[in-house]
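Keep the sequence and the model open while you read.

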Amino acid sequence: MPHRDGGPHPRKDPRYDMPLSLENLEEVFSGCVDYMERRVYLNGDRERTTTVCYLLGMTRNERVSDYILRPLAQDPALSRVPEGELFSHLQYGALYNLAALRRDKLDDVVNDLILGSCALFFPGRQDVLTFPVPTEEKRGVGEPDNEPALKGSRESFVESIRTNTAMVRRHLKAPDLKIREHIVGRQSRTMVDVLYLEGIADPETVERVESRLDELDIDGVEAAGNLEEYLTGNLATPFPTMAFTQRPDRLCQALLEGRVGLMADGLPLAWMAPGTIDQFFRTSQDRAYHWLAASALSLIRYLCAALTLLLPGLYIALVTFHPEAIPSKLALSIVAAKQEVPFSTVFEVLIMLLAFEVIQEAGLRLPGPIGATVSILGGLVVGNAAVEAHIVSPAVLIAVAIAGVAGYTQPSQDFGNALRLWRFLLAILASLGGLFALALGCAALIYHLAGLETFGVPYLAPFTTGSQNLRGHPSLIRLPLPLLKWRDGAVHTKNRRNQK
Amino acid sequence: MRRTLPLLAALALLLTGCSGLPRPREMGDMALLRTMGVDLGEEGLSVTVSTGPRAKGLQGEGESALVLSAQGESLSDAALTLQSLSDSYVFFGYVDQLLLGEELAGAGVTQVLDYFARDVELGLGAQLWVVRDASAQQAVEAGGDQGVEGRLSTLRLDGEMGIAALARTAGEVYTDLLEQGSAYLPALRPGTEEQAVLLEAGYAVLKGDTLAGFLDGDGARGLELLVGKPSSDIIPVELEGETVYVRITGGDTTCRLETEGGQVTGLTVACRVTAQLAEYRTQPNRNQLQTVEEELTRVETARLTRALTQLRAWGADCAGLGVRSALSAPEAWRQVKGNWSEWFASLAPNLEVQVDIQD
């Protein structure tokens with residue numbers, strides 16, 4: 001992502017190029033109703049004053065009162081200590097807050113206040129003290145909605161990044177777990193943390209992730225796409241190139257594999273980079289089930305991906321162009337069912353695919369109970385009525401429904417969405433040239449996937465030897481855990497062995 | 001490079017010889033033909049086709065089989081005429097059964113088999129039958145509203161299970177004709193009102209590409225034994241005071257060319273037949289079993305002799321005895337390969353039959 005210094009809206013650095021003073025701070029926050037100031041006499045001494053500044057709602061009132069204001073107002077030492085030592089006296093212990101930072105730039109002070117600090121201004125000084133006293137109002141740690149666990153941890157990431165990093169830290173207690181923070185967004189100034197295990201993750205990948213984060217010059221990080229689309233740079237593909245999870249245990253597993261984690265404040269999820277295609281077929285439960293069951297389920301997921309992608313196209317190709325390839329009894333049934341349907345097979349399939357998407361979208365947008373009703377009404381009642389009225393043939397309905405349901409087996413909804421888009425494309429190609437065009441479409445899809453790369457790792461790395469690195473284990477199935485002795489995520493990790 | 005490669009790949013498509021994309025056809029408008037009968041006709045060839053029973057609509061209300069008949073100088077000509085006779089697009093891709101009239105078989109079958117081999121929709125996977133004492137058209141029409149496809153499918157499945165005559169595909173027959181110069185295929189004849197629409201009628205033997213004759217009864221059983229696939233057959237054997245019924249369950253036939261001083265002197269056909277006691281009142285003892293085996297050996301030898309006598313009279317080694325014996329004596333086969341037909345007709349094969357009765 002090139003940094004466009006000469007662009008129409010260059011990023012100002014520093015943002016506020018003014019001397020640090022209370023007046024300038026007031027000017028910065030002019031028009032902000034939540035900006036608060038309070039002048040305090042130190043231990044009641046009218047000769048010694050300080051001004052406490054903070055943003056209401058961003059700080060925790062009890063902490064400001066107990067750790068800052070009470071000592072300032074009541075500590076007798078503050079009126080006795082020499083004027084020149086007062087500042088360092090407050091910085092190194094007179095106030096009870098966990099941290100105290102000395103700031104001499106207006107930019108830093110503004111940033112600290114936004115992040116929930118309060119600042120102490122002393123008359124005549126060019127520097128200030130800031131004390132982080134952020135509010136901890138946040139949603140409680142709940143269960144992951146998208147990745148439910150039958151056997152395993154039931155905690156899910158929340159919107160507070162510090163809570164999230166703490167959850168990861170509780171899983172991985174090694175000090176090798178490094179968490180580096182970057183501020184992204186001109187206006188949102190969102191904290192984005194990069195997590196990795198030193199000595200296991202590929203340093204080059206960490207470097208790439210961090211440099212791309214630093215180069216990001218956007219207004220705000222309000223949606224997951226704000227990071228995904230900017231970081232990976234693969235805009236021409238519908239396929240997700242960074243897997244994400246709601247589950248701390250899954251992120252930890254990825255870190256142990258040598259991948260790099262990414263979290264943004266305000267988003268209850270974490271990304272795992274680099275993203276390879278096999279990640280989107282895995283679930284957090286793969287390691288919880290018996291390896292034979294997990295392998296069978298994994299194979300079914302791959303099979304379902306092929307089914308959801310190819311079935312409508314195959315149906316069109318066979319019924320419209322190559323009827324001789326259909327078993328005779330099935331062909332007779334299709335002919336019988338198709339006789340009174342006024343539309344062409346191509347039109348039928350495309351319309352049904354579209355209707356399927358419409359019903360799904362309607363079900364998602366509506367509140368839960370109504371959404372379920374719409375799905376039942378759309379799927380069962382309308383579908384059945386359409387078949388009985390000879391508007392669509394039952395074979396088409398079955399083919400589209402199987403393709404749709406098979407798509408829901410994908411653990412990654414992003415990946416499932418990409419398959420849905422390609423499903424349309426392949427169906428259109430099949431309607432133009434039958435199996436010939438369908439095969440060409442599949443070749444184009446493989447070509448497209450083979451061209452993708454995230455953070456230097458080929459997207460199809462699990463199924464290729466392009467990276468010249470031996471893969472840890474087969475990706476289609478899950479071997480017994482004692483046999484999984486090699487890390488899979490990093491390309492150039494220094495430490496590939498993960499167990500004895 | 002990333003943009004050039006797909007472009008080059010797309011250009012390479014022009015070299016595949018594909019002149020264009022295939023044409024779409026809606027299946028709802030198709031009449032899927034299942035059975036085809038070919039006879040000699042006044043104009044050249046007469047083709048009769050049948051769809052078999054059809055279902056209409058979702059509820060599958062029965063609709064009678066569509067039977068069309070057309071004549072033409074050639075098969076393609078007749079097929080084109082058939083297209084014009086139907087409201088639907090007549091699709092030949094599902095023709096599983098091909099019936100040849102006796103007259104046509106006598107005149108030569110190569111034209112028909114060749115058409116099946118070359119046509120885009122038809123294929124040599126279709127089952128091939130010869131109709132005796134009637135035309136193929138009569139056989140196809142004998143099915144009435146239900147068509148004959150169901151009956152032919154049953155016969156084919158029965159043949160695979162060994163309880164009816166051996167079914168053969170057009171491809172198998174064509175291959176035998178090209179490689180051995182002769183072939184056998186099952187024969188049918190229309191049944192009477194009380195019977196099934198089509199009945200088994202032994203085997204037709206083709207020599208060159210024309211019909212040499214039919215093998216019935218014991219001759220047909222003998223031919224099955226020669227090819228190593230005897231169909232289930234119940235043979236009654238008279239013992240002292242009771243009749244034991246024995247079922248033929250399997251068999252294996254090997255053959256070898258006999259040589260003396262490097263010259264071919266004869267052909268030995270060795271058959272091993274397995275059988276089971278199907279019905280008896282009292283369990284036969286060892287001596288009785290030996291008697292049963294001797295009787296079965298006599299019956300099977302007679303069948304083989306009958307089949308071989310007839311085949312030698314026609315000079316048609318449709319069981320491929322020569323080709324099979326070539327595997328064990330390639331040098332001897334090289335001597336007789338050129339005029340095997342004459343050799344086969346002149347040599348009296350030495351028969352070795354062994355019957356095993358299994359518990």
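## Confidence

In chain A, confidence is highest in α10(A), at 95, and lowest in helix α13 (residues 368–388) of chain A, at a mean of 77. The score is pLDDT, the predictor's confidence in each residue, from 0 to 100. Helices (H or I, at least four residues) and strands (E, at least two) are DSSP runs, numbered from the N terminus. This is a predicted model: local features need pLDDT of at least 70, side-chain atom pairs count only at pLDDT 80 or more, and totals for chains, interfaces and linings use all residues. Residues are numbered from 1 along each chain as its sequence is written, while chains are lettered from A and ligands numbered from 1 in the order in which they are written.

Chain A has an average pLDDT of 86, and 95% of its residues score at least 70. For chain B the average is 87, again with 95% of the residues at 70 or above, that is, scoring at least 70. The complex receives an ipTM of 0.74 and a pTM of 0.80 from the predictor. Residues 1–6 of chain A stay under 50 in pLDDT. The model has eight contacts for them beyond four places in sequence. Two residues are in contact if their C-beta atoms, placed from the backbone, lie within 7 Å. Where pLDDT is low, the predicted coordinates should not be read in detail.

## An open sheet in chain A

Five strands of chain A form an open sheet, in the order β1-β2-β4-β5-β3, with antiparallel pairing. Two strands pair if DSSP finds at least two bridges between them. β1 (35–42) and β3 (101–103) of chain A are at the edges with a single partner strand each, so one side of each has no neighbour in the sheet. On average, neighbouring strands of this sheet are turned by 30° against each other, direction ignored.

Leu101(A) has Thr130(A) as its bridge partner in β5(A). Helix α5 (residues 106–114) of chain A lies across β2 (45–55), β3, β4 (117–121) and β5 of chain A. The helix runs at about 140° to β4(A). Axes are lines fitted to C-alpha atoms, for helices over the stretch in contact, and angles run from 0 to 180 degrees between N-to-C directions.

## A buried strand

Strand β9 (residues 260–264) of chain A has five of its five residues buried, so it is largely enclosed by the rest of the structure. A residue is buried if 20 or more other C-beta atoms lie within 10 Å of its own, exposed if 12 or fewer, and partly exposed in between; C-beta atoms are placed from the backbone. In a regular strand the side chains alternate between the two faces of the sheet. Val260(A), Leu262(A) and Ala264(A) point one way from β9(A), while Gly261(A) and Met263(A) point the other way.

Which strands pair with β9(A)? Strand β7 (residues 190–197) of chain A runs antiparallel to β9(A) and is joined to it by four bridges. Here Asp193(A) stands opposite Met263(A). Strand β10 (residues 270–273) of chain A also pairs with β9(A) over four bridges, in the antiparallel sense. Gly261(A) has Met272(A) as its bridge partner in β10(A). Five residues lie between the strands in the hairpin of β9(A) and β10(A), where Gly266(A) takes a positive phi near 95°.

## Where the chains meet

Contacts link 26 residues of chain A with 21 residues of chain B. On the chain A side, α10 (291–321), α11 (328–338) and α15 (413–450) are the elements that give two or more residues. α11(A) gives the most, with eight residues.

Chain B has twelve helices and 17 strands. Of its 359 residues, 41% count as buried. In α2(B), the buried residues are Leu75(B), Ala78(B), Ala79(B) and Leu82(B). They fall within an arc of 100° seen down the axis, so they line one face of the helix. The arc is that of the directions from the helix axis to the C-beta atoms.

In helix α4 (residues 110–118) of chain B, Val112(B), Leu113(B) and Phe116(B) are buried. Their arc around the axis is only 95°, which puts them on the same side of α4(B). The buried residues of α4(B) pack against β2 (35–40), α2 (75–85), β8 (97–101) and α7 (170–180) of chain B.
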